[in-house]
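I opened the notebook to look up how this chain is put together. My entries follow in the order in which I checked things.

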Amino acid sequence: MLFEELAELTGQRNAIDGRIVDIVAEIDHDGIWGNTGCRSLPALIAWKTGTSLRNAETVAAIAHRSPELPQCTAALRAGQLSLDQVGVIAERAGEGSDAHYAQLAASATVAQLRTAIKLEPRPDPEPKPTSPPPRAITKTDGEQSTTWRITLPHPEAATFDAALQSHHDGLVAQWKRDHADDSGEDGPDPTGPVDDRDVQLSPLPTRVDGFMSLVEAGWDADVARRPHGQRTTVVVHLDVESRVAALHLGPLLPDGDRQYLTCDATCEVWFERHGRPIGSGRETRVISRRLRRALEHRDHCCVVPGCAATRGLHAHHLVHWEDGGPTELANLVLVCPYHHRLHHRGLITLRGPAHHLLVTNAAGEPLTSASLARSPTTPPPRVAPCRGPTGERADWWWYDPFETPPPPSPN
Ligand SMILES: [Zn+2]
Ligand SMILES: [Zn+2]
């Protein structure tokens, strides 16, 4: 009796999953999920249905390939195949295999379907020639010196060779010039080395000298590009009167970018009036470690509903400090960089205070974390009970894996 009911419910659940897949296929097709502020279609499905991301990915995979898998999805809608069974097929099966797997799935478990799909002969990834040649730098510390081994594919090795040769040639030419000047008997050259002994001892530059010259030249160029050695810090110049911001040695910023960059003071802000610095904003706007801890304790993850990002979160000022918003707990929320950017571009809105946070999408509709689930008001789908796959032992010896038919020959 219990199994009868289980079969009936399973059939109904499969049919409902089939309908969900159809709805998701429509959402996917219309591309309307983009304006919900979600990172991806599976993220949206997981959020709206209150399921795991893995489950949502399965739904999205089937939805995406449903035109290509008419028989399998029909069996899902009719309640005879489960979401997981069709999911395995949609995620991995070869093109044109719909009929093959629809037939197999009628009696195969999810695990057996996985095995069957693994047996498909995959076309050799010809375009990618075997594995890329190795590239490596290893370092061995000796007592008096350090040995580096650099392994490069031929094209890169050729670049390295040419650069090394050029620097070596340059040094040798320089050496010859210096020595030609000094070989004269007319006394020391005022611009050249003064000490005769030095000249004697200075050997012909080797390829190692060429290498060091190459490294130094590269480093010099780097330092010239970043005079203050600001490797990762974004430096922003902000004119306090006109509220115009520009990146250090870079372009003027649009309003959204300015507020985004200056929101969480991980960048260095220079306040200027009439182009003259009047102070740097690091000390005042920076979110102290203590405050940051308190924020993390309160918010745990990105506060945008449906997003559970926990890494690289920004502290966002609900009222931007440009507008007098204080750098304190009630005015700050943690957001992931993606949603932070989205907010400052105006695609989602975060309205405070933090303990009464209201997040709305581009259309002004509030976003909540709750799934859309509610008690059913319509009768369950009328489909035949589903007893599941027979689960009999599969005899892979006799199994013919699906093989993509060869393309029709041109003649
Ligand atoms: Zn912000
Ligand atoms: Zn987020």
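Through how many residues does a hairpin join β1 to β2? I find 4 residues in that hairpin. I am working from a predicted model, where local features need pLDDT of at least 70, side-chain atom pairs count only at pLDDT 80 or more, and totals for chains, interfaces and linings use all residues. Residues are numbered from 1 along each chain as its sequence is written, and chains are lettered from A and ligands numbered from 1 in the order in which they are written.

Entry: I looked at how β1 (residues 136-141) and β2 (residues 146-151) pair. They run antiparallel, joined by 6 bridges. Pairing here requires that DSSP finds at least two bridges between two strands. T140 has T147 of β2 as its bridge partner. I then checked burial in β1, and the count of buried residues among its 6 residues is 0. A residue is buried if 20 or more other C-beta atoms lie within 10 Å of its own, exposed if 12 or fewer, and partly exposed in between, with C-beta atoms placed from the backbone.

**Entry: the whole chain.** I count 14 helices and 10 strands. These are DSSP runs numbered from the N terminus: helices are H or I of at least four residues, strands E of at least two. Of the 411 residues, 23% count as buried.

**Entry: β7 and β8.** I turned to another antiparallel pair, β7 (residues 314-317) and β8, with 4 bridges. A315 is bridged to L334 in β8. From β8 (residues 332-335), L332 and L334 point one way, V333 and V335 the other. All of these are buried.

**Entry: helix α7.** Which residues of α7 (residues 110-118) are buried? I find Q112, L113 and A116. They sit on the same side of α7 because they cover an arc of only 100° around the axis, taken from the directions from the helix axis to the C-beta atoms. A111 and K118, on the other side, are exposed. The buried residues pack against α5 (83-92) and α6 (98-105).

**Entry: the cores.** A nonpolar core is a set of buried Ala, Val, Leu, Ile, Met, Phe, Trp, Tyr and Cys residues joined through C-beta atoms within 7 Å. The largest has 34 residues, and I89 is one of those with the most contacts inside it. Helices α1 to α7 each supply at least two residues of this core. Apart from it lies another core of 15 residues, including C307 and L342.

Technical notes: Contact = placed C-beta atoms within 7 Å.
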